[in-house]
Amino acid sequence: MLWLSSTSRNKSFFHMSTMKLHHLNNLRAAQGKNICGSSAGWLIMVDKTSQIISLIKPCNAAKIIQLEPSFCTKTEQPFLVHKAILSSDPELDPFNFSVLAISGDKRQLAYYDARSQTWTLVHAAGPSYDDIISHQGKFYAVDEYGKICQIDHSNWSVQVVFDRWFFGGNKVYLVCIDGQFLVIFRYLKENPYFGYETYNFQVFMLNLEEQKYSSIGKFPEFAIFLGQNHSTWLPADDTKGVIGDSIYFTDDHHSNGLDCHDAGLYDMEYSRVVPLQCCNHHHLRHVCSRPIWFMSDNIDCY
């Protein structure tokens with residue numbers, strides 16, 4: 001797992017297992033773009049001027065796929081993409097992948113179909129979405145109240161699969177671990193210097209068939225990674241810098257576009273936030289865009 005940071009001069013990966021910083025000279029194509037997602041080994045970025053969403057694969061000589069037409073033109077939405085994910089790796093089948101995005105002030109869902117090369121709003125899903133993931137050929141989206149929708153990207157039908165919840169926290173995430181869905185609430189509090197900071201997480205396991213949920217206090221076998229990346233998990237492995245019973249998080253607050261102060265590791269056992277070494281690295285102290293988690297098995301390209 002890598003921590004990608006973008007500064008005014010360069011883009012860098014901090015590799016968690018080696019604790020080393022790697023500058024990326026082959027990401028010139030990412031200049032002038034904002035990161036809005038990390039999924040299936042690709043970075044998803046938005047051009048600030050042409051409003052085109054691009055897919056950039058750092059581990060393949062910075063391969064680039066531009067998703068034309070303009071996102072804004074086709075969706076008739078303000079130029080604002082909170083988060084975007086892929087259904088699959090476009091290199092495996094360049095004409096049979098999709099992108100799902102949370103977009104606009106209302107945080108609605110919009111999708112891009114590679115075969116038809118079109119952007120479409122998913123009106124049936126409604127507004128106020130916080131997180132989106134892809135699992136076994138389907139997209140899943142969770143709104144700020146914990147309602148979960150399943151979106152089949154073969155025909156873009158929408159089905160509510162979980163709707164018995166209560167409001168909790170300031171942001172909601174969805175993670176799937178070996179077919180088991182977890183909902184995670186993130187809690188923020190006021191910070192006199194930065195405006196806000198994360199201070200707590202709650203994790204719940206879902207039973208979709210019975211429409212029930214149960215609280216999880218510990219998970220020593222794995223760690224969860226949250227932010228603008230595709231929400232994911234990794235097995236605990238101290239040699240790779242992955243500490244079990246932990247939630248690694250970056251700043252992805254809706255109202256905050258250019259900051260990274262609210263990032264760290266949440267220790268479930270002691271209910272506390274612990275700073276990450278990558279947050280304190282002297283090369284990453286002056287960050288001009290949000291950092292993001294990026295997963296890749298190929299570290300030689302860094």
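**View 1. The backbone oxygen of Trp-293 sits 3.0 Å from a polar side-chain atom of Ser-38.** Like the other views here, this one comes from a predicted model. Ser-38 belongs to strand β4, which covers residues 33-39. With a relative accessible area of 6%, Ser-38 is buried, because that value falls under the 20% cut-off. Leaving aside residues up to four places away in sequence, Ser-38 touches Leu-43, Ala-84, Gln-228, Asn-229, His-230, Ile-292, Trp-293 and Phe-294.

**View 2. Phe-219 and Phe-222 make a stacked pair.** In total, the structure holds 14 aromatic pairs, and here we look at the rings of Phe-219 and Phe-222. Their centres are 4.8 Å apart and their planes meet at 10°, so the two rings count as stacked. Both Phe-219 and Phe-222 are buried.

**View 3. Phe-222 also pairs with Trp-233, this time edge-to-face.** The ring centres of Phe-222 and Trp-233 lie 6.0 Å apart with the planes at 80°, so this pair is edge-to-face. It links distant parts of the chain, eleven residues apart: Phe-222 is in strand β20 (residues 222-226) and Trp-233 in strand β21 (residues 232-235). Are these two partners buried or partly exposed? Phe-222 counts as buried at 13% relative accessibility, whereas Trp-233, with a relative accessible area of 22%, is partly exposed.

**View 4. Three aromatic residues come together in one cluster.** To finish the tour, take a look at Tyr-111, Phe-139 and Trp-156, which form this aromatic cluster.

How values were computed
Residues are numbered from 1 along each chain as its sequence is written. This is a predicted model: local features need pLDDT of at least 70, side-chain atom pairs count only at pLDDT 80 or more; totals for chains, interfaces and linings use all residues. Side-chain values use heavy atoms; hydrogens and water are left out. Helices (H or I, at least four residues) and strands (E, at least two) are DSSP runs, numbered from the N terminus. Buried means under 20% relative accessible area, exposed over 50%, partly exposed in between (1.4 Å probe, protein chains only). A polar contact is a pair of N or O atoms within 3.5 Å; within protein, one must be able to donate a hydrogen and the other to accept it, and residues adjacent in sequence count only if both atoms are side-chain atoms. Contact means heavy atoms within 4.5 Å. Rings of Phe, Tyr and Trp (its six-membered ring) pair if their centres lie within 6.5 Å; planes under 30 degrees apart count as stacked, over 60 as edge-to-face and the rest as tilted.
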